[in-house]
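Me: I would like to learn how to read a protein model, feature by feature. Could you take me through one slowly?

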Amino acid sequence: MPSIFGEDAVIRILDKESITKEFHELRLDILGFSERELVRIRKMIREPYGMVLVTGPTGSGKTTTLYAALSEIRTGQDKIITIEDPPEYQLSGIVQVPVNEKKGLTFARGLSSILRHDPDKIMVGEIRDAETAQIAVQSALTGHLVFTTVHANNVFDVIGRFIHMNIEPYNFVSSLNCVLAQRLVRTLCEHCKAPVKADARLLEESGLPVNKYRDFTFYEAKGCRECNGTGFRGRTAIVELLDLTDEIREMIVERHSSAILKKAAREAGTTFLRDAALEKVFEGKSTLQEINRVTFVE
C-alpha cells in the first residue's frame, strides 16, 4: 500500500514443503498448550458431532491449531473435508477444497456441497457471514463434527457475533462443544535469557501485587547471535477454553451479561487468556512486557 515515504509491503510466507515434513509431528502439545488445557481440548475434538470454534485476531495461529487437532484425530476411518481460503498446508488423507469467489465457490456454497459428500468431520476455514454460520450450525446439529474459526477477541464475544448473524441462540449453544480463544506470545531465547527482578512500576502495570512479586525471579533476554539480537526465539500459544456446560448453555440462551458468564466459566474451570499468559511468565518462557502487549490486565 502507498505511504508518505513510498510503498509499504508485507509478505506472508507459507513454506509448504518444510511445514509438510513437520506436519507428521504437528500435535496440540507442541503448540504450547498447558497440560490442563490439552486434556480438555483433546476430549472435545474426539466428540462424534458438534462444533469446535477457535477465535482470535488475524495471525494468532487459529488455523494451525485446527490443523493440529485434525492431525491428532485423523485415523483413516473417518472422511474429513476442509474448505479454506486458501488451504495453507496440505494434509494427506484429507479432502481440501479451496474457496474461489470469482467462480462462485464461496464458503457457504462449498459447505453445502461438502455435506453431499458424506463427511464425518468438516473444517471451515472461517465463518464470515450469516449463511455460512447457519449451514455450519445445522451441520453440527445433524451429526457432523465441525471445526471452524471466527474473528472475535474472547470466548464471550463469539456468542455475540453469532447472535448478530441472526443465529438462534438455542441452536447455536446446542451445536457448540467448546470455544477456544487464542493468542501468540514470543518466547525468550534460551541462549541469552537471564534472571531479573521486576521493578514496582512494571508489576503495577501488569496488575501484580508489588509486595508479593518484588523478589520473584523473572527472566529477560538481552539478545545474541542465536536470536538475531531480539531476545526472543519462536512463539507459543496461550489459550482460553470455554467448555459449554448445561448451566452456561442456559445462561447464554437467557442472554445473561458477560460478567455473569465469566463468573460461571471461571467456576467451571476456564482459565482466561491473561492467567494463561502469566503462567508463561512464571515458567520463565516469556516476559511481563510481552504479555502486556498481547493481553489486557483484568
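Predicted model: local features only at pLDDT ≥ 70, side-chain atom pairs only at ≥ 80, totals over all residues.

Me: Which residues lie nearest the centre of the second largest pocket, and how many residues line that pocket?

Reply: Residues are numbered from 1 along each chain as its sequence is written, and side-chain values use heavy atoms, with hydrogens and water left out. The general idea is that rolling a probe the size of a water molecule over the atoms shows where empty space is left. On a 1 Å grid over the protein atoms alone, a pocket is an open set of points where a 1.4 Å probe fits, with protein on both sides within 12 Å along at least five of seven lines, and a lining residue has an atom within 4 Å of a point. Here the second largest pocket is lined by 13 residues, and those nearest its centre are Asn153, Asn154, Arg183, Leu273 and Phe296.

Me: How much space lies in the second largest pocket, and how do the residues of its lining divide into nonpolar, polar and charged?

Reply: The space in this pocket is about 280 Å³, where a volume is the space filled by probe spheres set on the grid points, which are joined across faces, edges and corners. Its lining consists of 5 nonpolar, 3 polar and 5 charged residues; Ala, Val, Leu, Ile, Met, Phe, Trp, Tyr, Cys and Pro count as nonpolar, Asp, Glu, Lys and Arg as charged, and the others, Gly among them, as polar.

Me: Which residues of helix 6 are buried, and why do they line one face of the helix?

Reply: An α-helix has 3.6 residues a turn, so residues three or four places apart point the same way. In helix 6, which covers residues 155-164, the buried residues are Val155, Phe156, Val158, Ile159 and Phe162. Seen down the helix axis, these buried residues fall within an arc of 150 degrees, so they line one face of helix 6; the arc is that of the directions from the axis to the C-beta atoms.

Me: What is found at the start of helix 6, and what follows the helix?

Reply: At the start, a side-chain oxygen of Asn154 comes to within 2.9 Å of the backbone nitrogen of Phe156. Helix 6 is followed by Asn166, whose phi is positive, near 65 degrees, in a residue other than glycine. Asn166 sits in the loop between helix 6 and helix 7 (169-175), and at 65% relative accessibility Asn166 counts as exposed.

Me: How many aromatic pairs are there in the whole structure, and which residues do ring pairs link into a cluster?

Reply: Rings of Phe, Tyr and Trp (its six-membered ring) pair if their centres lie within 6.5 Å, and planes under 30 degrees apart count as stacked, over 60 as edge-to-face and the rest as tilted. A search of the whole structure finds 6 such pairs. The rings of Tyr213 and Phe216 have centres 5.7 Å apart and planes at 70 degrees, so this pair is edge-to-face. The rings of Tyr213 and Phe282 have centres 5.4 Å apart and planes at 5 degrees, so this pair is stacked. Tyr213 lies in helix 9 (residues 210-213) and Phe282 in helix 12 (residues 273-282), so the pair ties together parts that are 69 residues apart in sequence. Tyr213 is buried at 11% relative accessibility, whereas Phe216 is partly exposed at 28% and Phe282 is partly exposed at 31%. Ring pairs link Tyr213, Phe216, Phe218 and Phe282 into a cluster.

Me: Where is Pro86 found, and is its peptide bond from Asp85 cis or trans?

Reply: Pro86 is in the loop between strand 4 (80-84) and strand 5 (95-98), and the peptide bond from Asp85 to Pro86 is cis, with omega near -10 degrees.

How values were computed. Buried < 20%, exposed > 50% of the residue type's maximum accessible area, 1.4 Å probe, protein only. Helix = DSSP H or I, 4+ residues; strand = E, 2+ residues; numbered from the N terminus. Polar contact = N/O pair within 3.5 Å; in protein donor to acceptor, adjacent residues only side chain to side chain.
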